[in-house]
Amino acid sequence: MYVPKESQPKQGKGDASKKDGKRKIVAQNKKARHDYLIMDTYEAGIVLTGTEVKSLRQGRTSLTDAFVQIDGREAWLHNAHIPEYSQGTWTNHSVRRKRKLLLHRDEIDKLESKSQETGHTIVTLAIYFKDGRAKAEIALAKGKREFDKRQTLREQQDRRDSDRAIAAAKRKQRARER
């Protein structure tokens, strides 16, 4: 029986099950969401060496002091702590070197113009693997003041309290129905 080529299953690297777009998060900067008002987020590729990738795959990194700076129409990630690979040799990388970020030209231009405004900065929110490639989620952010931080915490607590009250009311309702 003849089967047309379009309906035959693909083999090899074109397997759709591998490229499902899932993100395997390596590190998050939770403090950035607390300290900054996130205006815009971008996904950027990271230029890494081999030992950096292996160290990231072990889940060993810290983004607490990481920030992005635009130098010479290129985006650079500064102060991201990726520790040396434990099985590495003399080819190991330096821990806090600056790493190039891969973005489109219009995204870099937009980030550069916005970051020059007063109070705006570019922070790193997360580093993750997507389809086997290391990516960074960066954000254009504006610093929060103390009262803004307290207001955000109060809103989160109110939301949690209302969710608990609704769940308790639903539990009571189900108990009465029995």
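The legends below describe close-up views of a predicted model.

Residues are numbered from 1 along each chain as its sequence is written. In this predicted model, local features need pLDDT of at least 70, side-chain atom pairs count only at pLDDT 80 or more, and totals for chains, interfaces and linings use all residues, while side-chain values use heavy atoms, with hydrogens and water left out.

**View 1. Confidence across the model and in residues 11-18.** The average pLDDT (the predictor's confidence in each residue, from 0 to 100) is 81 for the protein. A score of at least 70 is reached by 83% of the residues. Residues 11-18 have a pLDDT below 50. Beyond near neighbours in sequence, this stretch has one contact in the model (contact means heavy atoms within 4.5 Å). Where pLDDT is low, the predicted coordinates should not be read in detail.

**View 2. The salt bridge between Arg23 and Glu137.** A salt bridge is a side-chain nitrogen of Lys or Arg within 4 Å of a carboxyl oxygen of Asp or Glu. The whole structure contains seven salt bridges. In the one between Arg23 and Glu137, the closest N and O atoms are 3.8 Å apart. Arg23 belongs to strand E1 (residues 23-28) and Glu137 to strand E7 (residues 133-143), so the pair links distant parts of the chain, 114 residues apart. Helices (H or I, at least four residues) and strands (E, at least two) are DSSP runs, numbered from the N terminus. Glu137 is buried, at 15% relative accessible area, whereas Arg23 is partly exposed, at 40%. Here buried means under 20% relative accessible area, exposed means over 50%, and partly exposed lies in between (1.4 Å probe, protein chains only).

**View 3. Lys130 and two residues from other parts of the chain, Glu43 and Lys24.** Lys130 is in strand E6 (residues 120-130). Its side chain forms a salt bridge with Glu43, with 3.5 Å between the closest N and O atoms. Glu43 is in strand E2 (residues 36-46), so the pair ties together parts that are 87 residues apart in sequence. Both residues are partly exposed: Lys130 has a relative accessible area of 25%, and Glu43 has one of 36%. Lys24 is 106 residues from Lys130 along the chain, yet their C-alpha atoms are separated by 6.6 Å.

**View 4. The salt bridge between Asp109 and Arg73.** The N to O distance in this salt bridge is 3.3 Å. Asp109 lies in helix H3 (residues 105-115), and Arg73 is in the loop between strand E3 (67-71) and strand E4 (74-78), so the bridge ties together parts that are 36 residues apart in sequence. Asp109 counts as partly exposed because its relative accessible area is 30%. Arg73 is also partly exposed, at 43%.

**View 5. Asn79 and its positive phi.** Asn79 is not a glycine, but its phi is positive, about 65°. This residue is in the loop between E4 and strand E5 (99-102). With a relative accessible area of 30%, Asn79 is partly exposed.

**View 6. Asp131 and its positive phi.** Asp131 has a phi of about 55°, which is positive although the residue is not a glycine. The loop between E6 and E7 holds Asp131. Asp131 is partly exposed, since its relative accessibility is 35%.
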